[in-house]
Amino acid sequence: MEGETGRCVRVLCPKKSLLSSKNPGLRWLIGSPLFLPPFTVVSSFRCLHALPDDDPYSPDFAKEADEIRMLLLRGFNIIGALFVGDGNWEKCAWKAVEASSKMRKFLFGDGDCDLIGAVTDLITDDIHFFVSHSTNVESMEAVSTVVFEDNPETYVWEKGCLLRCELELKLPVFVPLDKTSDVAEIVSSLVDEAAAKLRDPYVAYLVEGSNVDTDELSRSIVLHGMELDSKPDHSDSMLLKASMKESGAKDLACSHFHLKDKNISSSTIRENADAIQIAVLSNQSRNNCKSAVPVAEYFPATEYARNLNVNFKLDVLCYASEDFTIAAALSKLVIPGLIDQLNSIKKAVIPELLSQQPQLCPYHFLPPELLHPVTAIYDLRYGETEMKQGEMRRSLHSRLGLPLDRPLLRIANALSFGMKNTKDTHSVKYGSSLLKNVHTEVPTSGVSGGIISLIDGSYEYYHYLLYGFDDNGWGCAYRSLQTIISWYRLQQYASIGVPSHREIQQALVDMGDKEPSFVGSREWIGAIELSYVLDKLLGVSCKIINVRSGEELPEKCRELSIHFQTQGTPVMIGGGVLAYTLLGVDYNQASGDCAFLILDPHYTGNDDLKKIVNGGWCGWKKAIDSKGRNFFLKDKFYNLLLPQRPNMV
Amino acid sequence: MVKTVIADDNQSKSAEDRLFQHGIPAQVGLVIGQLNRSSDRGFVYDLIPTPPTDGGGPACSLKSEAAGKDDKKKGSKSGKPSAELPASLVVDNDWVAEHARQVSRMLLGGMNVVGIYLWASEATFKATSPAVLSQAIKGVAQAAPFADNEFEERLLIHVSCSPRRWSCRVCTLASGGLQPCDFKMGKLLASLQAFRCTYNFEIRLPIPQSGILGIITFKDLICRGIANLAKDLQSAKALINGHLVTENVHTSSESPHDVQFLVPFNKHISTEACSSEEVVGLVVFSGAICAFAYMGPREPILQAISDLKSDIVSSLRSRLDIITDEAEEEVALSLDGGGVSGGDSLAEKSIHKLALREVRT
């Protein structure tokens, strides 16, 4: 176990995430000195900016700090660094320690604490850990015990909770028409004033439990600014335990607002994040003001002026332990977080005040394999595909060690908080009850000597009558589309809910492909319509293969097997009056023998895997079976829809 | 829907005694009390007689039904009812309405002019057409509206001299219909809960150059500011004696209760529909209002909070009205006395009609 000497380093993030980039440089190690045991590494951020450019071991601290301050939730901090490169271990580890110490100062102005210096070279996968207790290189010692935790999520979330504060600030600014150079200064000082007011004793903070269960209204409390510490103590790293006696709202712990019976894990957060909500209010009935008779006074402008509304949308997420008092969480985490975000946004907005103002909006994400949420601030002016936005996302992917071919930080993937049950989509309500990957249980194809190419990843089986919706006889293509969209969801390419028949129809009407009367009808759709909907709802492009007769489908096996090997997405086959979902092909190039792994959306029974497999509703179908029957009709056209994997961020 | 009306027994008794002793045949006045949609009980706190008109006549008099006779303006002779037909009541609606308007300005939160009372004999009352009565009530309702514009009921109390008893009817404003309702006396004033608060506000209203149809008067602008304040207040959170009010809990502590209002941070700066237009000036409207509201026994607390908020807003509106009324009077006086024409001079224009754009030169 970790002793007081702290000679054990516990690594919660997967080892491969630390080794993900084999370029020389530094990786910042992230932990939570306030809430987790010392030397517990929760994640790592790659150091992206160096000064000078060509020395990867000399970070541009100011620029790094600016970016990390926006990205990292308060409650987490830098606890060390990983040196990736060749050299003497101790020397390299010391460089890492020094860099991380300096980084902490730049980031939140923190003083010294125990830090981890880790070293790995460019070839092997070994990581050597050292810890340092002070600024003296002599005090650095090698770490003998390094634990790579099996259950990292429980570690972080067993006693952890999230706090969220949203604040909209509208600052009306009067800009003299002929003295526009003053604007930056005026706005800057207004923002500073607003930031300072957050620590005003007459500000009140309304703290409420998450919205999910509304039968516990009495958990809300109000804390007044004067009850909070006016100056956050940066060097305090002790846990503040709530006192047992009921001495007032100030001493309530975060656990008071937190639903105890809910087990938080990364997946529950991704579905619907549960955070303690904090609202910032002004007390308009404070007693300190001299009573003043209401007076209305008119100030004419001395020169022509323009009214410029500068709007800030703040959204801060913090991590704390349940034992932490809410008062401490407010003064040490939430308020500094708000002030930091305000300053970050101010820096971005001021240069462009007089032209079109940026619409900066913070979003929170919990990408896969990251144990804690992160915050990104996006400019919504020009849309997500705009070049600068794409660059920003690539940079974030790089820093967080995320793959560069999956859009994981799109706004559609942002965390949603406190969604009430009224806004459920199918997946949120029924999610886990749908059968997944039913093809894994089917018997063999009967093709000898063939090469099997299957889809890559998971999907949900959508079929007739699912969710009590009667689409028997007309909805097969819709069901196939639902299965395809579920694949994109499960592979983290999208987080929209799987659309209903009606929503699919509405999408087609919205883009002008169908008349409004289409919605609510029982009209069939085909490959073309599916490609439109996939493009509209998911931004996914598709390839379409046509064959004039079902007899020609086996000729397309080669192309299909290449599709499964490179894209690995489910395919929709539509022809005649039927639509099927194709999950794989088994193809013997030499003999030409082939079979198709079909997932049939025409199934009307219940979700019983055995029934589905035994009934052949999912299974290998040969083009001509042992009895000589054709699976595909020779007098019908067939269209094959091949959805493509997006290769972008 | 008001089903039961409870009147304060002490006040009612002294009102009744007063009426009896004066011996006038008929009187009309205002009923001060509390009616709201969240309760089916109505409260009556006091009765206030309407004073004589400017001309000296009473607000309410008897009209004999005997053909052709003139209205007896001075009905103060000891009631000599006409021989054959009982007299009916005639009410000076405009005067009573004006009385209601002025009185309602002076009332605090949770107290309103909830209707009228009539002092007359049973016979006279029966002889009076209900249309006459509901007209009077409608006039009062219009002159002294509730904060809740959609509450459609008022009270008509009849204090009868012979036999000596009280009866109460509920008037539905839309139809003018009068329904009887339960009426009893009880200890009200002693058990009223008082709520008080101080509300500080600062509203900044930029005045854009263009985009305003016609001239904005100072008064309009302040009215707009007050309307914005009312909107903010509606969604404000309330603390009673330091505790957050979320639902209708009954307070355990002693009256008067201290209430604090919390509004969203930084909201006091108004962001009126002013895009990037040219601004000619700024009106800063700020100060503190001390407000009170009273709540009857066992009534929901959220109603008291709502009444307190209405008190703040109506206090501001009344002040604005009083100031602009006085300003008009001043100007009228000065024009009368001075006789100087040339009304273009700024000083001679009444403030509330002052076109803002003329100030800026």
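Me: In chain B, what share of the contacts with a separation of 6 or more comes from residues 24 or more positions apart?
Reply: The model is a predicted one, and its contacts are pairs with heavy atoms within 4.5 Å. Among the contacts in chain B with a separation of 6 or more, those between residues 24 or more positions apart account for 76%.

Me: How many helices and strands are there in chain B, and what percentage of its residues is buried?
Reply: Chain B holds seven helices and 15 strands. A residue counts as buried at under 20% relative accessible area. Of the 361 residues in chain B, the buried ones make up 46%.

Me: Are the rings of Phe61(A) and Phe106(A) stacked or edge-to-face?
Reply: A search of the whole structure finds 25 aromatic pairs over all chains. In the pair of Phe61(A) and Phe106(A), the ring centres are 5.5 Å apart and the planes meet at 20°. Planes under 30 degrees apart count as stacked. The pair of Phe61(A) and Phe106(A) is therefore stacked.

Me: Which helices hold Phe61(A) and Phe106(A), and is each residue buried or partly exposed?
Reply: Phe61(A) lies in helix H2 (residues 61–71) of chain A and Phe106(A) in helix H3 (residues 89–108) of chain A, so the pair links parts of the chain 45 residues apart. With 11% relative accessibility, Phe61(A) is buried. Phe106(A), at 39%, is partly exposed.

Me: How many residues apart in sequence are the parts that the pair of Tyr199(B) and Phe261(B) ties together?
Reply: Tyr199(B) and Phe261(B) form an edge-to-face pair, with 6.3 Å from centre to centre and 75° between the planes. Tyr199(B) is buried at 4% relative accessible area, and Phe261(B) is buried at 0%. Because Tyr199(B) belongs to strand E11 (residues 193–208) of chain B and Phe261(B) to strand E14 (residues 257–264) of chain B, the pair ties together parts whose separation in sequence is 62 residues.

Me: Which residue lies over the face of Phe146(B)?
Reply: In chain A, Arg74(A) lies over the face of Phe108(A), 4.1 Å from the ring centre. In chain B, the ring is that of Phe146(B), and at 3.7 Å from its centre lies Arg154(B).

Me: Where does strand E7 of chain A find the bridge partner of Val119(A)?
Reply: Strand E6 (residues 115–120) of chain A pairs with E7(A) in the antiparallel sense over six bridges. A hairpin of six residues joins E6(A) to E7(A). Within E7(A), the partner of Val119(A) is His128(A).

Me: Which three residues supply 20% of the area that chain A buries against chain B?
Reply: The contact takes 41 residues from chain A and 46 residues from chain B. Between them, the two chains bury about 3700 Å², with 60% of it on carbon and sulfur atoms. On the side of chain A, the three residues that supply 20% of the area, more than any other three, are Gln284(A), Pro294(A) and Tyr298(A).

Technical notes
Residues are numbered from 1 along each chain as its sequence is written. Chains are lettered from A and ligands numbered from 1 in the order in which they are written. This is a predicted model: local features need pLDDT of at least 70, side-chain atom pairs count only at pLDDT 80 or more; totals for chains, interfaces and linings use all residues. Side-chain values use heavy atoms; hydrogens and water are left out. Rings of Phe, Tyr and Trp (its six-membered ring) pair if their centres lie within 6.5 Å; planes under 30 degrees apart count as stacked, over 60 as edge-to-face and the rest as tilted. Helices (H or I, at least four residues) and strands (E, at least two) are DSSP runs, numbered from the N terminus. Buried means under 20% relative accessible area, exposed over 50%, partly exposed in between (1.4 Å probe, protein chains only). A charge sits over a ring if NZ of Lys or CZ of Arg is within 6 Å of the ring centre and within 35 degrees of the ring normal. Two strands pair if DSSP finds at least two bridges between them. Buried area is the accessible area (1.4 Å probe) that two parts lose on being put together, summed over both.
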